[in-house]
Amino acid sequence: MSDMAPAVNKKLTGLVAATFTPFTTEGEINLSEIGPYIDYLTEKQGVNSIFVNGTTGESMSLSVAERKILAKEWCQKAKGKMNQVVVHVGCMSLKDSQELARHAAQVGADGIAVIAPSFFKPSTAGVLRSFLQEVASVASTLPFYYYHIPAVTGVEVLVRDVLEDIEKLIPSFGGVKFSGSDLMDFGLCVSYSRPHWSVVYGMDEQLLAALAMGAHGAVGSTYNYVGCHVNKLISAFEKGDLIQARTIQFKMQELLSYAKKTGFDLGVNKQLMIEVSGLCLGPPRLPVMPCPHAHALSIAQKYHSIFPED
């Protein structure tokens, strides 16, 4: 993490990898892989920010104690190597979320994010704002991000409604991780955004559309292993070379379309990362099922055929 500026002044931009949680073959968290993982992202993928303990990191399958241990290790190992570490602290329990938020501030996170609770679902933007406020208030020195992922949470509240006057409740508000396909809602969020906010997009297969709408960056699981290519997409877009940007986006879509046809869930995604990176990340935790090696290998072969320079 950079020491150049206080956390509250740093804007989250560019590519952010939503990291997988390394496990041992016995299913325990494996801290020894975190250092090599960070080096792989920075040196091989050109990805310099991470979003940890999120959906990709299987956070809802981890205990609060495990999430604390992981957050501390990611923050310590990333220090001096990465621009930002955003720690997801969302839980079903408000008290657990607050405990993780306080801890993230203590271990040097650059920001915290919170997903909407998905068992007792907030029914209105006001209720959701109140929940977010209660978490943000215990770690007010850190930029706070709302993490919108309706396909997982089932919470369909429009993000633009959540943002209404949100800084009055959450002075530390830093933006949104928008992992939904509703580009109208996304655009309304960008147009309402304050200069110091970051509205980052989380649907990897349609990033280019979000960039055209004004996304400040992107957070996603595939950036763990295609980050170097997506950096070229962003660069091409910024230069106005839409043909090149589309070419890379279409390659991403080809890969993900192939993966989805053969079955692409978190277990498969994690195994694909292992195949491409060579890192020892272990199996996922139940109820996510491990991916058969042959299945991941076929997707990895597709990856190498689409991005042959790797």
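**View 1. Pairing of strands E4 and E5 in the predicted model.** In this predicted model, strand E4 and strand E5, the latter formed by residues 144-148, pair in the parallel sense over 4 bridges. Within this pairing, Ile112 has Phe144 as its bridge partner in E5. Strands of a sheet pair through backbone hydrogen bonds, in either a parallel or an antiparallel arrangement.

**View 2. The closed barrel.** The strands form a closed barrel of 8, which runs in the order E1-E2-E3-E4-E5-E6-E7-E8 with parallel pairing. From one strand to the next, the twist averages 25°.

**View 3. Strand E3 and its side chains.** Strand E3 spans residues 84-88 and is mostly covered, with 5 of its 5 residues buried. In a regular strand, side chains alternate between the two faces of the sheet. In E3, Gln84, Val86 and His88 point one way, whereas Val85 and Val87 point the other way, and all of these residues are buried.

**View 4. The two neighbours of strand E3.** Strand E2, made of residues 49-52, pairs with E3 in the parallel sense over 4 bridges, and here Ile50 has Val85 as its bridge partner in E3. Strand E4, made of residues 111-115, is joined to E3 by 3 bridges, and these two strands also run parallel; Val87 has Ile112 as its bridge partner in E4.

View 5. Helix H2, which covers residues 64-78, makes a right-handed β-α-β unit together with E2 and E3. A right-handed β-α-β unit is also made by E3, helix H3 (residues 94-106) and E4, and strand E3 therefore belongs to both units.

View 6. The model contains 1 cavity of 30 Å³ or more, and the largest cavity has a volume of about 40 Å³. Its lining is made up of Asn53, Arg67, Lys68, Ala71, Val87, His88, Val89, Leu100, His103 and Ala104. H2, E3 and H3 each supply at least two residues of this lining. Two of the lining residues, Val87 and His88, are buried residues of E3 that point opposite ways from the strand.

**View 7. Helix H8 against strands E6 and E7.** Helix H8, formed by residues 183-192, lies across strand E6 (173-178) and strand E7 (198-201). Relative to E7, helix H8 runs at about 160°.

Note on methods. Residues are numbered from 1 along each chain as its sequence is written. This is a predicted model: local features need pLDDT of at least 70, side-chain atom pairs count only at pLDDT 80 or more; totals for chains, interfaces and linings use all residues. Side-chain values use heavy atoms; hydrogens and water are left out. Buried means under 20% relative accessible area, exposed over 50%, partly exposed in between (1.4 Å probe, protein chains only). Two strands pair if DSSP finds at least two bridges between them. Axes are lines fitted to C-alpha atoms, for helices over the stretch in contact, and angles run from 0 to 180 degrees between N-to-C directions. Contact means heavy atoms within 4.5 Å. On a 1 Å grid over the protein atoms alone, a cavity is a set of points where a 1.4 Å probe fits but cannot get out, and a pocket is an open set with protein on both sides within 12 Å along at least five of seven lines; lining residues have an atom within 4 Å of a point. Grid points are joined across faces, edges and corners, and a volume is the space filled by probe spheres set on the points.
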